[in-house]
Amino acid sequence: MNIIGRKTEINELNRIMESASSEFVMVYGRRRVGKTFLIREYFANRFSFYATGIAQGTLQEQLMNFKLTLSATDTSIDNTNIRNWFEAFEALARHLEKSKERKKIIFLDELPWMDTPRSNFIKALEHFWNTWASARNDIILIVCGSAASWMVKNIVKNHGGLHNRLTCKIKLNPFTLAECKEYLHSLGIRWENRMIAECYMVLGGIPYYLKMLDKRLSLAQNIDRLFFADSALFEDEFSNLYASLFKNSAEYVRIVEVLAKKKSGYTRDEMLTQLKLNDGGSFTRRLEELEQCGFIRKYHSAGDVSAIYQLIDFYSLFYFQFLKKGKSYDTDTWMHLTETPAYHNWCGLSFEKLCLVHLPQIKQALGISGIRTNSYAYYGKEAQIDLVIERGDNVINLCEMKYTEDEFVITKAYADKLHQKQAALRKYIKRKKSIQMTLISANGVKRNEYFYNLIQQDFTLDILF
């Protein structure tokens, strides 16, 4: 297998292959994250049946595609009249009954596209699993789709015949920084960690995006080529990304655009005010779907009852910062942008989010992987802290994340701000716990009197790898 990372997912697929019962597996995750690649590579394309839904296809087109795929390996299907999904799955069952394979692996990719309006696709899938596949011990049914909201609603939270029928659920997340580095090495790209981190801050850990990088070019040249050049490869990627995942995608884009305006995010009520919308279930559903697809996260600030929603998709953040207003067709656009305040502000905000999505790596660097922890943000009138790690050993790590071109210098003004944060946190905790100031920087910290008086642990971005 030529698979980078994905150790947890591979272990689960290994278990499924050794199972003594039939297995119903769902693989989901955002567009371009590598779902199809994982399944095809793991099973080496040795499927008893493999069909992919057709984007915006009609019912008849979906059924014809299903039949043609089936008849490619079973010519007896040629004369079978398939008029609906019940007949399609019945033909599949008859085909599989003739198979001599120990495990009969069915892979239905882009499942949401197959479910056209009034097609009864879900009912037919329910019938196929409940009356035939689940009664055997040699079936592995894998369903996959980028529209994570559809997958969760219709498969995970199904209240009909598929209720509690899944035997395995695999959510494929973007690569970590370490996996990105390994993947880039496999592509012949050997950048230093800081450049890989900045690449992540633009593209996220999305394998498809990373695959588009040209190893002959620098990161800056690659960004110019992918985003700012005439007929750039990712010129329409933002609109395509959301349109492929959500119906009425403009409503979802409005939400993430609002969230892009504030680094810490907004509460639900604050977003309704910003968007000038009335409260309603459809808005809650959109927030849930954006969270399921990995574009936003929901969290609580210490002492605040209301949940806060924050945009954490790196590509979307990059788009709103540099691309939404239109692009310049000057040469070396990105090189010029790196000299602007907007670039430095974006670096700081994106680096904070880079640290937040690599919390397990931070805990490992602190040596507390095995200690019970509670991680949260603190946003009060006196201070704002993006990451607090409260530990079971009566220690609290107050984490600061700083991205600078050179060594970060703690000035008197910044030292005063840190003292203020410590005081605010100690007031909130109300318990005798040791507060340790932890600093994570891109290029290290200058040793001066403020550093020695305030900082207990300091790390560079290398720990995130």
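**View 1. Glutamate 390 stands opposite isoleucine 396 in β11.** The model shown here is predicted, so local features need pLDDT of at least 70 and side-chain atom pairs count only at pLDDT 80 or more, while totals for chains, interfaces and linings use all residues. Residues are numbered from 1 along each chain as its sequence is written, and side-chain values use heavy atoms, with hydrogens and water left out. Strand β10 (residues 384–391) runs antiparallel to strand β11 (residues 395–402), and 4 bridges join them; strands here are DSSP runs of E with at least two residues, helices are runs of H or I with at least four, both numbered from the N terminus, and two strands pair if DSSP finds at least two bridges between them.

**View 2. An open sheet is formed by 5 strands in the order β9-β10-β11-β12-β13, with mixed pairing.** β9 (373–379) and β13 (457–460) stand at the edges with a single partner strand each, so one side of each has no neighbour in the sheet. From one strand to the next, the twist averages 25°.

**View 3. Helix α20 (residues 412–429) lies across β9, β10, β11 and β12.** This helix runs at about 145° to β11, where axes are lines fitted to C-alpha atoms, for helices over the stretch in contact (heavy atoms within 4.5 Å), and angles run from 0 to 180 degrees between N-to-C directions.

**View 4. Helix α13 (residues 249–259) packs with helix α14 (residues 268–275) at an angle of about 110°, their axes being 10 Å apart.** Arg254, Ile255, Val258 and Leu259 in α13 meet Met271, Gln274 and Leu275 in α14.
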